[in-house]
Amino acid sequence: MMANDPFLMASDALSDSGARISELARPFLRFLPVSGASISTFGSFLGAETISATDARAGRVDELQFDLGEGPCWDALVNRQPVLEPDLASRSSVSWPAFLAAIREEQIGAIFAFPLLFGPLEIGAVDLYSIAPVSLTPEQQGQTLALSAMVSRIILRHAISTDIHPDETTTFSRRLIHQATGMVLAQLGTSAEDAHLIIQARAFAENRPMRQIAQDVIERRIRFTALTEPGPSHE
Amino acid sequence: MNETTRLELLFDAFATFADTLVAGYDVLDLLQTLVETCHDLLDVDSAGILLANAADKLEVVASTSEANTLVEVMQIDADAGPCLECFRTRSVVSLPDIDIGSSRWPAFCDTARAQGIHSVYAIPLRLRDTTIGTLNLMRNERGELNQHDIRAAQALADVATIGILHERTIRDASTLRDQLQRALSSRIIIEQAKGVVAETANVSIEAAFDLIRRHARSHQTSLSLVAQRLVTRELSL
């Protein structure tokens, strides 16, 4: 791969963006033939919110889907698969009638939505639009999924970083958490770091101390199962 | 075990320590061997070692039982109990009857009693001015540890301490604190590895440690290395 590969530059930009949540959408424009991007959190884990949008139209596309309760981002997250609409005008299917009617004035030619997932957790979705009809190659889809996974991690860390329970600082609690981390990494086939984050996220979602979740994992009351990872879909 | 056999075994244990020190070793493995030797040869039911971390707080680094209940007893001891006192005063603390110590260390004594522990003997891991942690011997019976065991335990603790401090002068690139911190950090990987084995072999956390320990021994490699390979899933037990 060339050093100035647009995808690598985009993933570098994402790693450098630190905790700037509002800047998470921009790197997608670096390597995809799209006009705008937005990132939103919703689903079972985090509250519905557009956290980053590259322009006002991208923001509106997100907002409309929340208001109407339908649209590509919902489908992407529910099915854990990208939704690809390379040519909205010639689209014959009848899903999202209200959403399509609402965006008619927005002059959108193509729309794509990629799920934001972390292990078993639903984080939200990336919405991408183009004014002119355009297709994403399988390689671009794969890259978008890879970047989406980075975004999921960043959002998750950000969401739970403000919520460290004082109990987690004791040595004994940490020991239990490390043991549970080992069990979860074996259950999900992830790195230790990701397994730790999953336990932390579960604690956050249930508003319980991490030690309790760890104890439940060790005593096999909680078990995480690997879900199939999303892959490039076929148009 | 009759007295002659015990003395032979004790002699073997010292010989093994000496060999290890000469040949080079992993601090964690040395400490694990130390607690196991104490458990096998002395009149104690469980033993553990706590080392001071970078923040000068004591952490459990090796114990004869990896059951979380025993580790928790020792960790509470490290926060307020005979072993903290032993570390602070740099001298032996004997608690022949935990009922008598209850008023000083209520949380520790209650947790220990619940685990059937009734007397505790804590020895500082100390060489002249440097104290790196404590060796804790716990018994289910009340009463003082016998004099032979006290001498043997003290000698074992001293050999281990000298070994650790000696290794530092050989390497000397890192400070003692870094080195001890490394031993404590590899503990993290070992805890994770216990979880991996508990999950994949469907055994308890305690049994998982035994499997890891056995594998390290039979392959003559360190606990930390085995644990590392389990966590990265290059090895499966």
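Reader: Let me start with one side chain: is Phe42(A) buried or exposed?

Author: Phe42(A) is buried, at 2% relative accessibility. Here buried means under 20% relative accessible area, exposed over 50% and partly exposed in between, with a 1.4 Å probe and protein chains only. Before we go on: this is a predicted model, where local features need pLDDT of at least 70, side-chain atom pairs count only at pLDDT 80 or more, and totals for chains, interfaces and linings use all residues. Residues are numbered from 1 along each chain as its sequence is written, chains are lettered from A and ligands numbered from 1 in the order in which they are written, and side-chain values use heavy atoms, with hydrogens and water left out.

Reader: Thanks! And Phe66(A), what's its relative accessible area?

Author: For Phe66(A) the value is 17%, so this residue is buried. The rings of Phe42(A) and Phe66(A) pair edge-to-face, with centres 5.6 Å apart and planes at 70°. The rule takes rings of Phe, Tyr and Trp (its six-membered ring) with centres within 6.5 Å; planes under 30 degrees apart are stacked, over 60 edge-to-face and the rest tilted.

Reader: Which parts of chain A does that pair tie together?

Author: Phe42(A) sits in the loop between β1 (36-41) and β2 (49-53), and Phe66(A) in helix α3 (residues 56-68), so the pair joins parts 24 residues apart in sequence. Helices (H or I, at least four residues) and strands (E, at least two) are DSSP runs, numbered from the N terminus.

Reader: Nice. How many aromatic pairs are there over all chains?

Author: Six. One of them is Phe28(A) with Phe31(A), tilted at 6.5 Å centre to centre and 35° between the planes. Ring pairs also link Phe7(A), Phe28(A) and Phe31(A) into a cluster.

Reader: Switching to the interface: how many residues of chain A are in contact with chain B?

Author: 18 residues of chain A are in contact with 23 of chain B, contact meaning heavy atoms within 4.5 Å. From α7(A) come 13 residues of chain A's side, the largest share.
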